Amino acid sequence: MGTSRYTVLGVTLVAVLALHSLSSASLSSSGDGTWAGIFTTAPVQGDSAAIAELLSRRDSLKQELAQLGHVVARLEQMDLAADLASMASPSLRAPLNANASPPPPPPPRDRPVQDERNGYPGAVRHLVTNAAGGAVKAAVSISEAAASAPPQAAPQAAPPSEEVEGPSVYFDEKGPQKPPASLRDFPCALRNFKRAQVTTTCEIDCGDSKCSKARETCARFVECHAMVVHSQSRGSDLARATAVLKTDSARSRDDSLKRLQANKWWGSSALSSGASAGAAPKPRIYIVASYGGCGSKMMAGWLSQLPHAHKTYTFHLHDRSPPAELRSMPRPPPPSIKGRGGGDYRTGRFPGGSKFKTDTAPVPPEKIDDYRVIFLYKDPVEALVSRYGYGHCLHIQGDCGDGERSWPKLWEYASAQRDRMRLLEHFRNYVHPSAERNYPVIAVNYHKLWDNLPAVMAALGLPPSLEKTFPKRTETVRNDATGKAEGNLAHTEATRNDLRRIYQPLIDEVTANPAVLVV
C-alpha cells in the first residue's frame with residue numbers, strides 16, 4: 001500500500017487523541033466537578049452551556065472523521081492496483097532496480113530446458129519476449145512468483161507496462177486506466193456460480209477490500225493476466241464487488257509458429273509444411289492423446305467432422321506409453337457425437353481402441369506424414385477435477401489398486417499425496433521421451449491453444465481457413481459452492497490445494513510451455 005494512506009491514518013489518530021485530551025481538560029474545569037470524554041458523554045448537570053458546546057464539537061469531529069474514512073477507502077482502491085500487480089510479478093523477487101539490465105538470453109533450443117526436481121524434468125524455463133519486442137524475461141509459474149514476491153509499491157498513475165508479468169487491475173470503463181482492447185474473457189471452473197454449469201467467463205467475488213479472493217484465483221490460472229473490477233463507485237467497498245478475470249491476447253500469443261518452423265521435423269518427410277504454403281489439402285489420420293480432462297475429446301471430435309479432403313479418420317487415445325515406432329492404425333468404426341456437425345464434441349465416443357497398435361505393420365518412413373500424433377495437456381489439478389475415477393485410472397494405465405471398491409474419492413486421493421494416476425509419467429513419456437521416435441509428437445498446451453490457432457493449424461497440416469471452425473472454449477463450473485450444494489468435496493479448494501502439492505512440477509511446465517511444441 002502507498003504511504004499516503006498511513007499518513008492520513010496517523011494524522012487522524014493524533015487529532016483524535018489531542019481533541020480527547022482537550023475535551024477532558026475542558027470538562028474537568030467546567031466548575032461543577034463533572035467529566036466526560038469527547039466521544040462519550042456521561043450524565044452530568046451544571047454548566048450546560050459548556051457541555052452543549054462540547055457536544056457540538058463532538059458531532060462536528062465525527063463528520064470530519066467520516067469524511068476522512070471515505071478518503072482512506074479511496075486511497076485503498078487507488079493502491080489496490082499496485083498490490084495486485086506486485087503479487088504475481090516475478091521481477092519482484094528482489095528489490096526493484098530501474099537501472100538493472102535484463103539477463104542475457106541463453107542459446108536458442110528446439111527442446112525445453114529441463115530442471116530436474118524430485119525425479120521429474122519439470123520447472124521448464126522458456127525465454128519469452130513481450131509483444132512490443134521489449135526486454136527478454138524468464139517465464140515462471142505465476143503461483144510460485146506470488147508465493148515468494150515481497151510486497152512492493154508501484155506508481156499509482158502509471159499505466160500497466162507490457163513488461164510486467166502478472167495480473168493488472170482496472171476499475172470498469174470509468175476507472176483511471178481504461179482496460180486495453182486486447183483483454184478478453186476466458187472461462188474458468190472457479191466462477192462464482194453456485195451450481196455446476198457451463199460458462200464462457202471467469203467472474204470471481206473480491207471477498208474483501210483488497211479483492212484478495214479474485215487476485216489469488218487469477219494467480220492460479222496460466223491464462224490470467226488482468227482483472228476488471230466491477231464496483232458501484234470508486235468509493236464503494238470492494239468486499240461486495242466482483243472481478244472479471246481476463247487474458248491479454250497480446251501476451252498470450254507466443255512464438256509457437258516460429259518454433260515450429262525452426263524445428264528439426266518441420267519440412268521433413270514426416271511433417272510436411274504443405275498446407276501453410278498454400279498446397280492442396282492432404283487427408284490425414286489424426287491420433288489425439290491425453291491423460292484426460294484436457295479437451296482431447298473436443299479436439300478429436302472437431303477433427304472427425306472435417307471434410308474428407310483434410311482427414312481420413314480420427315483416433316482418441318489415453319495410452320500412457322507412445323511407441324518408439326509408429327504402426328499402422330486400421331480404419332475404426334465412425335465416432336458417435338451428439339449433434340453432429342457442430343454439436344458438443346465432448347460427448348463423443350471413439351471406438352477403435354484407446355492405445356497405439358502393437359500388432360500391425362510399421363508405418364513406412366515416407367508415410368509418416370499421413371499421420372499426425374497430437375498430445376493435448378492441461379493443468380493436472382483442473383484435469384483431475386474434471387475427469388477422475390477408477391474407470392479413468394484404468395484407461396490411462398495408472399496405479400489403480402485392487403478394484404473400484406478400494407479406489408479413493410478425489411479428496412482422499414489428493415490428501416494421500418501420491419500420483420497414483422501417473423500423470424507425471426504420462427506427460428514425460430510424450431514431451432520428454434527417453435528414446436528417439438520415428439515420428440513427431442505435436443504437444444498442445446490447452447491453456448494457450450485458442451490464442452495461437454495459426455500455429456496449431458500449421459502443425460496439424462490444416463489450412464488457416466479452418467481456424468474459424470474451431471470450437472469455442474467453455475468450462476464447467478466446479479468450486480466450493482457447487483461442492484457444498486452437491487455434497488462433493490472433489491470440487492473444493494481444499495482438494496485443489498492438496499493436488500497442487502502433488503503436481504507442482506508439472507504445473508510449472510504447463511505454465512512455461514508455449515502453445516505448440518513438436519517433440
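This is a predicted model: local features need pLDDT of at least 70, side-chain atom pairs count only at pLDDT 80 or more; totals for chains, interfaces and linings use all residues.

Me: What makes strand 11 and strand 13 a pair?

Reply: The cut-off is at least two bridges between two strands. Strand 11 (residues 284-289) and strand 13 (residues 371-377) share five bridges, so they count as paired, in the parallel sense. Within this pairing, Val288 stands opposite Ile374 in strand 13.

Me: Why are strand 12 and strand 16 called edge strands?

Reply: The sheet is open and has five strands in the order 12-11-13-14-16, with mixed pairing. Strand 12 (311-317) and strand 16 (516-518) each pair on one side only, and that makes them the edges. On average, neighbouring strands here are turned by 20° against each other, direction ignored.

Me: How do you know that helix 7 packs on the sheet?

Reply: Contact means heavy atoms within 4.5 Å. Helix 7 (residues 296-304) touches strand 11, strand 12 and strand 13 in this sense, so it is said to pack on the sheet. Its direction makes about 165° with that of strand 12.

Me: Why is helix 7 described as largely enclosed?

Reply: A residue is buried when its relative accessible area is under 20%. Eight of the nine residues of helix 7 are buried, so the rest of the structure largely encloses this helix. Among them are Met298, Trp302 and Leu303. The buried residues of helix 7 pack against strand 11, strand 12, strand 13 and helix 12 (453-459).

Key: Residues are numbered from 1 along each chain as its sequence is written. Side-chain values use heavy atoms; hydrogens and water are left out. Helices (H or I, at least four residues) and strands (E, at least two) are DSSP runs, numbered from the N terminus. Axes are lines fitted to C-alpha atoms, for helices over the stretch in contact, and angles run from 0 to 180 degrees between N-to-C directions. Buried means under 20% relative accessible area, exposed over 50%, partly exposed in between (1.4 Å probe, protein chains only).
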